[in-house]
There are 4 protein chains.
Amino acid sequence: MMVSSQTSPSPQPSPARGEGAKPFSIPVRIYYEDTDVGGVVYYANYLRYIERARTEWLRAAGFELDVIQSEIKAVFVVRRVEADYHSPALLGNLITVTAEPTEVGASRLIIRQRIRRDDELLFSAIVTLAFIASDLSGPIRMPAAMRSAMKSTISQALA
Amino acid sequence: MMVSSQTSPSPQPSPARGEGAKPFSIPVRIYYEDTDVGGVVYYANYLRYIERARTEWLRAAGFELDVIQSEIKAVFVVRRVEADYHSPALLGNLITVTAEPTEVGASRLIIRQRIRRDDELLFSAIVTLAFIASDLSGPIRMPAAMRSAMKSTISQALA
Amino acid sequence: MMVSSQTSPSPQPSPARGEGAKPFSIPVRIYYEDTDVGGVVYYANYLRYIERARTEWLRAAGFELDVIQSEIKAVFVVRRVEADYHSPALLGNLITVTAEPTEVGASRLIIRQRIRRDDELLFSAIVTLAFIASDLSGPIRMPAAMRSAMKSTISQALA
Amino acid sequence: MMVSSQTSPSPQPSPARGEGAKPFSIPVRIYYEDTDVGGVVYYANYLRYIERARTEWLRAAGFELDVIQSEIKAVFVVRRVEADYHSPALLGNLITVTAEPTEVGASRLIIRQRIRRDDELLFSAIVTLAFIASDLSGPIRMPAAMRSAMKSTISQALA
């Protein structure tokens with residue numbers, strides 16, 4: 001039947017400072033904009049969802065990208081993505097997107113990201129980011145408070 | 001300071017069957033994917049946000065687009081958009097996107113949509129949609145239950 | 001048969017300084033990224049194509065947006081779009097996108113844009129743009145040389 | 001100066017059946033839609049450009065994706081992407097995007113793709129694709145003529 005059985009989307013991020021091994025995650029609803037004529041989500045769009053999860057993970061840790069750009073004059077840029085497409089997301093799906101740091105360097109981050117629909121793994125990726133000056137002149141060190149907030153989520157994620 | 005003052009996003013749609021004149025709305029967070037080198041949201045992306053609001057309005061009324069496509073073999077297509085860009089949305093903003101039907105015909109819908117950041121109007125549009133066969137062969141009548149659910153949100157929106 | 005009968009895409013813009021009434025145009029090929037699960041081009045994407053045509057029209061007149069942003073510290077922003085969707089573009093289509101200025105003010109432009117597949121009109125729009133300071137502080141006057149180059153394409157377009 | 005020194009874009013693909021080791025390539029112009037507030041091309045968009053190059057490589061070999069979908073009832077889906085971001089593309093850049101098959105299996109393809117601005121390498125990726133039934137039911141064998149056309153471009157690419 002056409003009547004919705006799924007509840008409305010409530011993209012409430014899971015806690016960043018989790019109890020136990022639960023990684024940070026956000027829900028993402030799949031809309032027409034996300035799909036292609038093949039009937040599934042267009043492959044580049046999964047990179048949009050994992051970036052949203054990284055942004056919310058950072059926000060949950062107390063840091064916002066627009067403030068980082070205006071106050072520290074720095075941006076995160078992606079250096080490498082290894083992505084595996086296991087099964088496609090479809091129109092109307094409510095998927096869960098995780099962000100789990102695996103390495104926090106002075107100006108480099110490695111984050112493991114997974115996308116699931118219920119218990120099914122749809123997509124996984126390892127993303128390497130650099131923290132660089134906004135004028136693209138080169139890498140700069142992340143503030144100590146930022147690194148330490150990030151590291152606190154690592155140990156929990158891997159605990 | 002860099003520490004976030006905004007609370008986490010909780011894109012909980014407002015009730016479709018409102019008490020009073022409150023139109024249906026959803027929150028949308030602005031990410032890097034949404035912006036352009038001009039420093040603001042890219043102009044075509046507002047059309048993505050208003051489509052998300054239309055989809056959630058329909059879902060809140062009990063109808064899901066993927067089910068409509070698979071069971072009724074029909075899709076909504078946009079026939080006309082009149083859009084005014086009042087003020088730009090920026091990276092990190094949490095905006096509110098409304099969907100208020102103003103006309104529900106047999107196979108045609110007109111919806112007024114607005115985007116606000118707090119109380120400031122950023123964008124407004126009037127969107128005309130047609131309900132057509134999935135094979136694009138022509139317009140078909142919306143099911144009576146769908147039209148009546150839609151109409152119930154009109155009278156409330158304009159009451 | 002599967003063998004292509006269409007020739008390869010050669011997005012060579014038509015001349016900006018036309019002989020007669022031919023408006024400036026560019027070809028655009030439709031890829032998977034452009035489509036949605038409805039089987040047609042996603043409605044917001046037509047706004048991307050018409051922006052490409054505006055950019056190439058400006059380039060053909062001797063002006064590049066990145067140089068305008070870095071040297072004049074100005075950007076064009078869209079103020080209003082009136083768009084009519086006549087017939088959908090499909091995967092693999094080679095479409096033609098025009099840009100014809102109808103009004104060139106001190107800091108405001110109105111451009112008529114059309115998208116065709118062969119002789120069939122798929123989409124038409126009237127776009128109003130403002131020329132504003134890059135820091136979004138307000139409108140600024142377009143350089144005289146830019147306005148005069150733009151105007152020279154008007155008279156030809158409407159001649 | 002603001003006057004353009006670059007010539008107009010003429011996205012004429014390089015020959016698929018090259019003389020010597022030159023891989024298939026297409027030019028891509030960077031527009032506002034491609035950039036983000038960081039001042040560079042948004043990272044997911046490189047996946048759009050390499051897909052355009054794969055599509056044009058296939059078209060140059062005599063095969064069109066829309067025809068494949070309607071006649072063979074099959075689609076290519078991406079299974080894995082390994083992408084390295086070397087240096088960012090910027091607004092107004094004219095970049096060159098290559099597609100070089102390195103493995104052509106019964107229902108699996110591996111393609112090496114590179115993006116350059118003049119001689120500078122901006123992005124490189126290894127993309128694994130599967131040829132599957134349009135209804136997503138599973139992999140199917142590519143037609144012999146398609147595999148053999150693909151293989152002919154391999155040997156040239158690697159010769």
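Modeller: B:V81 stands opposite C:A83, which is in strand 2 of chain C. Keep in mind that this is a predicted model, where local features need pLDDT of at least 70, side-chain atom pairs count only at pLDDT 80 or more, and totals for chains, interfaces and linings use all residues. Residues are numbered from 1 along each chain as its sequence is written, while chains are lettered from A and ligands numbered from 1 in the order in which they are written.

Colleague: Which residue is the bridge partner of B:D84 in strand 2 of chain C?

Modeller: C:R80. Strand 2 (residues 74-85) of chain B and strand 2 (residues 74-85) of chain C pair in the antiparallel sense, over five bridges. For the terms, two strands pair if DSSP finds at least two bridges between them. Helices (H or I, at least four residues) and strands (E, at least two) are DSSP runs, numbered from the N terminus.

Colleague: And what does strand 2 of chain B do with strand 5 of chain B?

Modeller: Those two also pair in the antiparallel sense, over 11 bridges, strand 5 being residues 120-133. Within strand 5 of chain B, B:L129 is the bridge partner of B:V78.

Colleague: How many strands does the open sheet have, and in what order?

Modeller: It has 10 strands, paired antiparallel, in the order 1(B)-3(B)-4(B)-5(B)-2(B)-2(C)-5(C)-4(C)-3(C)-1(C). Strand 1 (24-29) of chain B and strand 1 (24-29) of chain C are at the edges with a single partner strand each, so one side of each has no neighbour in the sheet. From one strand to the next, the twist averages 25°, taken from axes that are lines fitted to C-alpha atoms (for helices over the stretch in contact), with angles running from 0 to 180 degrees between N-to-C directions.

Colleague: Switching to A and D: how many residues does each chain put into the contact?

Modeller: Chain D gives 16 residues and chain A gives 16 residues; contact here means C-beta atoms, placed from the backbone, within 7 Å. On the side of chain D that touches chain A, strand 2 of chain D gives the most, with nine residues. Strand 2 of chain A and strand 2 of chain D run antiparallel, joined by five bridges, and A:D84 has D:R80 as its bridge partner.

Colleague: OK, helices. Which residues of helix 2 of chain C are buried?

Modeller: C:L65, C:I68 and C:Q69, in a helix spanning residues 65-72. Buried means 20 or more other C-beta atoms within 10 Å of the residue's own, exposed means 12 or fewer, and partly exposed is in between, with C-beta atoms placed from the backbone. Down the axis of helix 2 of chain C, the buried residues fall within an arc of 95°, so they line one face of the helix; the arc is that of the directions from the helix axis to the C-beta atoms. Among what covers them are helix 1 (45-60) and strand 2 of chain C.

Colleague: Why is B:L65 called buried?

Modeller: Because B:L65 has 21 other C-beta atoms within 10 Å. Leaving aside neighbours within four places in sequence, B:L65 is in contact with A:L91, A:G92, B:T55 and B:L58.

Methods
Contact = placed C-beta atoms within 7 Å.
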